[in-house]
Amino acid sequence: MSSKFLLVKAGDYILLASFASSAGKIDDGEFFVVGDVIASKFHLAFSFGRAVRSFKEGKNITKSIKNEVICNILGDRQVERALKEAKTDRSPFFLLLIEKNLEDAIRKYIDFCRRKRVKIEEWPEKFDLDILEKAAIEVY
């Protein structure tokens, strides 16, 4: 059985993520939405950890941690192409929030979901080879 949220701490950052559907449009600067490009919770956690590490080591290719996470999810160093590939304008989608404080992250997430009427779904653990290939994860 899978849980509805993913909470990951890496360095000074906390990632709070869920798989969601919503009738309304998501248009909040703090939150970011990615389409169906995440293969599993492990894939997202690993990509988040790599993004945080790249900022810590000064090897980041983007100016924001959010965009760095997206580039790592897709395994693409071409920022514009990765952002275009990750965008979604339809449900379902992955809703992500990166914060430095756990309590702030949880409060913002809950408030946002209530305000936007976002319905949180069970996390889809799928092993789609196309997604894994885009993410540059080795399949054995």
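These questions and answers walk through a predicted model of one protein chain.

Visitor: What pattern does the protein chain follow, read along the sequence?
Guide: The protein chain has 5 helices and 5 strands. Read in sequence order, the pattern is β-β-β-α-α-α-β-α-β-α.

Visitor: What share of the residues of the protein chain counts as buried?
Guide: Buried here means under 20% relative accessible area. The protein chain has 140 residues, and the share that counts as buried is 45%.

Visitor: How much of the accessible surface of the protein chain belongs to carbon and sulfur atoms?
Guide: The accessible surface comes to about 8500 Å². The part belonging to carbon and sulfur atoms is 51%.

Visitor: Among contacts between residues at least 6 apart in sequence, what percentage join residues at least 24 apart?
Guide: A contact needs heavy atoms within 4.5 Å. Among those contacts in the protein chain, the value is 73%.

Visitor: Why is H2 described as largely enclosed by the rest of the structure?
Guide: Look at its residues one by one. The buried ones include Ile 65, Lys 66, Glu 68 and Val 69. Also buried are Ile 70, Cys 71, Asn 72, Ile 73 and Leu 74. H2 is largely enclosed because the buried residues number 9 of the 10.

Visitor: Are H2 and H3 roughly parallel or roughly perpendicular to each other?
Guide: Two packed helices are described by the angle and the distance between their axes. The axes of H2 (residues 65–74) and H3 (residues 79–86) come within 9 Å and cross at roughly 80 degrees. Angles of 65 to 115 degrees count as roughly perpendicular. The two helices are therefore roughly perpendicular.

Visitor: How do the residues of the contact of H2 with H3 divide into nonpolar, polar and charged?
Guide: From H2 come Asn 67, Ile 70, Cys 71 and Leu 74. From H3 come Val 79, Ala 82, Leu 83, Glu 85 and Ala 86. The division is 7 nonpolar, 1 polar and 1 charged.

Visitor: Is Asp 76 buried or exposed?
Guide: Asp 76 is found in the loop between H2 and H3. Asp 76 touches Ile 61, Cys 71, Arg 81 and Ala 82, leaving aside residues up to four places away in sequence. The relative accessible area is 16%, so Asp 76 is buried.

Visitor: Which residue has its backbone nitrogen 2.8 Å from a polar atom of the side chain of Asp 76?
Guide: Start from the side chain of Asp 76, in the loop between H2 and H3. The backbone nitrogen at 2.8 Å belongs to Gln 78.

Visitor: What is the C-alpha separation of Tyr 109 and Ser 18?
Guide: Tyr 109 sits in helix H4 and is buried, at 2% relative accessibility. Beyond four places in sequence, the residues Tyr 109 touches include Phe 5, Leu 16, Ser 18 and Phe 31. Tyr 109 and Ser 18 are 91 residues apart along the chain, yet their C-alpha atoms are separated by 9.9 Å.

Visitor: How far apart in space are Cys 113 and Leu 95, C-alpha to C-alpha?
Guide: Cys 113 also lies in helix H4 (residues 102–116), and is buried with a relative accessible area of 11%. Cys 113 touches Leu 95, Val 118 and Ile 120, not counting residues up to four places away in sequence. Cys 113 and Leu 95 are 18 residues apart in sequence, and in space 9.7 Å.

Visitor: What distance separates the C-alpha atoms of Lys 41 and Val 8?
Guide: Lys 41 lies in helix H1 (residues 41–56). Lys 41 is buried, with a relative accessible area of 15%. Along the chain Lys 41 and Val 8 are 33 residues apart, and their C-alpha atoms are separated by 9.8 Å.

How values were computed:
Residues are numbered from 1 along each chain as its sequence is written. This is a predicted model: local features need pLDDT of at least 70, side-chain atom pairs count only at pLDDT 80 or more; totals for chains, interfaces and linings use all residues. Side-chain values use heavy atoms; hydrogens and water are left out. Axes are lines fitted to C-alpha atoms, for helices over the stretch in contact, and angles run from 0 to 180 degrees between N-to-C directions. Helices (H or I, at least four residues) and strands (E, at least two) are DSSP runs, numbered from the N terminus. Angles under 35 degrees count as roughly parallel, over 145 as roughly antiparallel, 65 to 115 as roughly perpendicular and the rest as oblique. Ala, Val, Leu, Ile, Met, Phe, Trp, Tyr, Cys and Pro count as nonpolar, Asp, Glu, Lys and Arg as charged, and the others, Gly among them, as polar. Buried means under 20% relative accessible area, exposed over 50%, partly exposed in between (1.4 Å probe, protein chains only). A polar contact is a pair of N or O atoms within 3.5 Å; within protein, one must be able to donate a hydrogen and the other to accept it, and residues adjacent in sequence count only if both atoms are side-chain atoms. Accessible areas come from the Shrake-Rupley method with a 1.4 Å probe; for residues, only the protein chains shown count as cover.
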